[in-house]
Structures are given as C-alpha cells and as structure tokens.
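Dear colleague,

Please find the structure below, with the sequence. My notes follow it.

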Amino acid sequence: MSIWGIIIGGTAGFAMGGPIGALLGAAAGHAVEKRLTPQTDSDATRQVAFTVAVIALSAKMAKADGIVTRDEIGAFRNRVHIPAAEVKQVGKFWDLARKTPDGFQDYAQQVARLFAPRTAVLEQLLDLLFHIAKSDGAITQPEQDYLAEVAHIFGFSADEFARFASIHQGDGPSAYEVLDVTKDISDDDLKAQWKALVRSHHPDKLMADGMPEEFINAANERLAAINAAYDAICRQRGIS
C-alpha cells in the first residue's frame with residue numbers, strides 16, 4: 001500500500017497516537033486518544049509521521065499570514081508524488097489538517113522525536129516547508145517566524161536557519177552557502193564537505209532514514225543543487 005493509502009485510510013492512527021495519530025483517526029472517522037503516544041522507530045511509523053507532518057505543518061503555515069491560497073497546495077504537489085486517483089483525498093486531508101485544534105508545534109515536536117536532531121531528513125522536511133512558503137510570492141514575516149520555530153524544534157541553530165532562509169530567498173544562494181562552507185575553505189576540505197553532503201542527502205539514505213519514496217523528487221532536487229554548487233566552485237577554482 002502506498003503512503004497515501006495508509007494515511008487516507010487512517011490505518012496507522014491507533015498505532016501512533018499523539019496529534020499525528022489523532023489527525024489520521026479524524027481522517028478515517030475514528031476517535032483517537034491523544035494522550036497515548038507510543039514511541040517507536042519502525043520504518044512505517046517514521047514514514048507516516050514524516051508525511052503527515054509535512055501536510056499538517058504546510059497546512060498550518062498556509063494560514064500563518066492570514067492568507068490561504070491554492071498555490072501552497074500546488075507547490076506541495078509539485079514536489080511530492082501523488083497519484084491522480086488520490087489527489088482529491090489528499091487535498092481533503094490537507095484541509096482537515098489546517099482546521100485541527102492542535103498547534104503546529106505539537107506536530108513538529110512529535111515528528112522531531114522520531115528522528116535525531118538536525119538530521120538530513122528533518123532538513124528535507126524544512127526545505128519542503130520553505131518551498132511551500134514562497135510558492136505565492138515572498139516569504140512573509142509570519143511565515144518566517146513560523147519556519148524559525150519549526151527549525152528550532154528540529155534542533156537547528158539560529159545560524160543554520162539563517163543559511164536555510166538565505167538559500168530560499170532573494171536572488172538565490174551562493175554555491176558556498178549551499179555547501180555550508182566559507183570561501184577560504186581548502187580544496188581538500190571542500191571536497192570532503194561535498195562528499196559528506198552527498199552521502200547524507202542521497203535519496204537512498206533519506207529513505208533508509210524514514211523519508212517515504214513519494215518524496216523522491218524533492219530529495220533529487222536537493223541533491224542536484226548540492227552537486228551543482230560543488231561543480232560551480234570547482235570551475236571557479238580550476239579544479240578538474
């Protein structure tokens with residue numbers, strides 16, 4: 001069964017608990033006891049939690065500045081594979097998530113407990129939220145504040161968040177920002193950093209760590225940006 005079949009059917013709700021389990025149960029028409037929040041590291045649990053967190057956090061963020069547009073949903077669909085037959089149901093789930101009484105912090109905290117702080121999987125989730133935030137134009141201050149708090153919950157520092165924001169705003173990031181290095185880095189250290197980023201952000205590694213296959217397009221875009229940044233610096237430095 002695809003990740004969407006699991007979510008739309010609500011079959012994982014009772015196994016998970018917490019606000020994510022409650023949202024899954026509500027989608028399936030069941031009541032879920034929110035105080036029961038089993039902690040498990042199973043692959044299925046992490047995949048479902050990641051997917052629901054992306055939907056819930058993007059849905060909540062879409063009204064962070066008081067304006068909800070269809071652009072946010074369109075941006076979500078552009079980066080995430082949703083079969084045509086399930087688009088309508090996923091859209092309904094998105095709307096249900098937007099209206100739940102749980103705050104976005106509750107969803108962010110629950111999914112953060114299933115992954116180590118500052119992992120590439122959580123960075124991928126944050127990257128998706130940035131992409132959705134800028135889909136209807138510039139990222140507004142309420143959206144910026146929202147994203148900063150989610151990043152903090154995920155364990156990222158203020159400096160790391162500033163780098164993420166720079167990557168997604170303005171005229172585009174420098175190649176050095178994408179690789180999280182300074183211009184005075186040595187060629188050897190640059191290569192080592194590039195290899196480390198490729199390893200941690202490779203789609204196979206992300207999926208092994210709990211990112212569903214349906215998010216492979218977004219992961220490939222991130223990896224392509226890392227490789228393009230390294231190639232650009234190599235050309236500047238004359239590195240073959």
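**Helix packing and loop residues**

In this predicted model, the axes of α8 and helix α10 (residues 158–168) cross at roughly 45 degrees and come within 10 Å. α8 is therefore oblique to α10, since an angle counts as roughly parallel only under 35 degrees and as roughly perpendicular from 65 to 115. The crossing of α8 and α10 is right-handed.

On the α8 side, the contact is made by E123, L126, D127, F130 and H131, and these meet F161, R163, F164, A165 and H168 in α10. By class, the residues of this contact are 5 nonpolar, 2 polar and 3 charged.

Two loop residues have backbone angles to look at. Most residues other than glycine have a negative phi. R118 has a positive value, with phi near 65 degrees. R118 sits in the loop between α7 (104–112) and α8 (120–133), and R118 counts as partly exposed because its relative accessibility is 46%. D180 also has a positive phi, near 60 degrees. The loop that holds D180 runs between α11 (175–179) and α12 (187–201). With a relative accessible area of 42%, D180 is partly exposed.

The last item is a proline. P101 is in the loop between α6 (87–99) and α7. Its relative accessibility is 82%, so P101 counts as exposed, the cut-off being over 50%. P101 and P19 are 82 residues apart in sequence, and their C-alpha atoms are 9.4 Å apart in space.

Regards

Technical notes:
Residues are numbered from 1 along each chain as its sequence is written. This is a predicted model: local features need pLDDT of at least 70, side-chain atom pairs count only at pLDDT 80 or more; totals for chains, interfaces and linings use all residues. Side-chain values use heavy atoms; hydrogens and water are left out. Helices (H or I, at least four residues) and strands (E, at least two) are DSSP runs, numbered from the N terminus. Buried means under 20% relative accessible area, exposed over 50%, partly exposed in between (1.4 Å probe, protein chains only). Axes are lines fitted to C-alpha atoms, for helices over the stretch in contact, and angles run from 0 to 180 degrees between N-to-C directions. Angles under 35 degrees count as roughly parallel, over 145 as roughly antiparallel, 65 to 115 as roughly perpendicular and the rest as oblique. A crossing is left-handed if the near helix is turned anticlockwise from the far one by less than a right angle, and right-handed if clockwise. Contact means heavy atoms within 4.5 Å. Ala, Val, Leu, Ile, Met, Phe, Trp, Tyr, Cys and Pro count as nonpolar, Asp, Glu, Lys and Arg as charged, and the others, Gly among them, as polar.
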